[in-house]
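Thanks for coming. Please have a look at the structure on the screen, and then I will go through a few parts of it.

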Amino acid sequence: MAFEYLAQYTTFDSVADMDKSVEDHMAVHYYDLTESERAIVYKLASHSLEHTGACHLKASTIADALEISTKTVYRSIKKLESLGIIKKETTVKGKGGQGASIYIILP
């Protein structure tokens, strides 16, 4: 249980509620999103099961998993935030510098 701090970012009562919200976002914004952007939302959701709606991932991890560039991930995250699908919280490493971001799927 290395990610207990994510409990404060939980946005859903159950995985089913999160999945429903993701599907609703996809239905509303389907034509506004690229294939990569949709894949990123599903990737975030798949990592948000223990603390429903919140996960802690590096952009490079997302990029590697989806076989896209980190630049595409950064650009997509900004767009997903502007559409109200997700919220990004930045973290700082213990010794300074930016750590992996916390991504919160919004209801």
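I start just after α3, where glutamate 67 has a positive phi of about 55°. This is a predicted model, in which local features need pLDDT of at least 70 and side-chain atom pairs count only at pLDDT 80 or more, while totals for chains, interfaces and linings use all residues. Residues are numbered from 1 along each chain as its sequence is written, and side-chain values use heavy atoms, with hydrogens and water left out. Helices (H or I, at least four residues) and strands (E, at least two) are DSSP runs, numbered from the N terminus.

Back to α3 itself. Which of its residues are buried? They are Ala59, Ile62 and Ala63. Buried means under 20% relative accessible area, exposed means over 50%, and partly exposed is in between, with a 1.4 Å probe and protein chains only. Looking down the axis of α3, these buried residues fall within an arc of 100°, so they line one face of the helix. The arc is taken from the directions from the helix axis to the C-beta atoms. An α-helix has 3.6 residues a turn, so residues three or four places apart point the same way. The cover over the buried residues of α3 includes α2, β1, α4 and β3.

Next, the largest nonpolar core, which has 21 residues. Such a core is a set of buried Ala, Val, Leu, Ile, Met, Phe, Trp, Tyr and Cys residues joined through side-chain atoms within 4.5 Å. Leu44, Ile86, Tyr103 and Ile105 have the most contacts inside it. At least two residues each come from α1 (15-29), α2, β1, α3 (59-66), α4 (70-82) and β3 (101-105). The biggest share is from α2, with four residues. Leaving aside neighbours within four places in sequence, tyrosine 103 is in contact (heavy atoms within 4.5 Å) with residues including Leu44, Ile62, Ile77 and Ile86.

Last, the rings. The structure holds one aromatic pair. Tyrosine 30 and tyrosine 31 form this pair, edge-to-face, at 5.2 Å centre to centre and 85° between the planes. Rings of Phe, Tyr and Trp (its six-membered ring) pair if their centres lie within 6.5 Å; planes under 30 degrees apart are stacked, over 60 edge-to-face, and the rest tilted. Tyrosine 30 is partly exposed at 38% relative accessibility, and tyrosine 31 is exposed at 80%.
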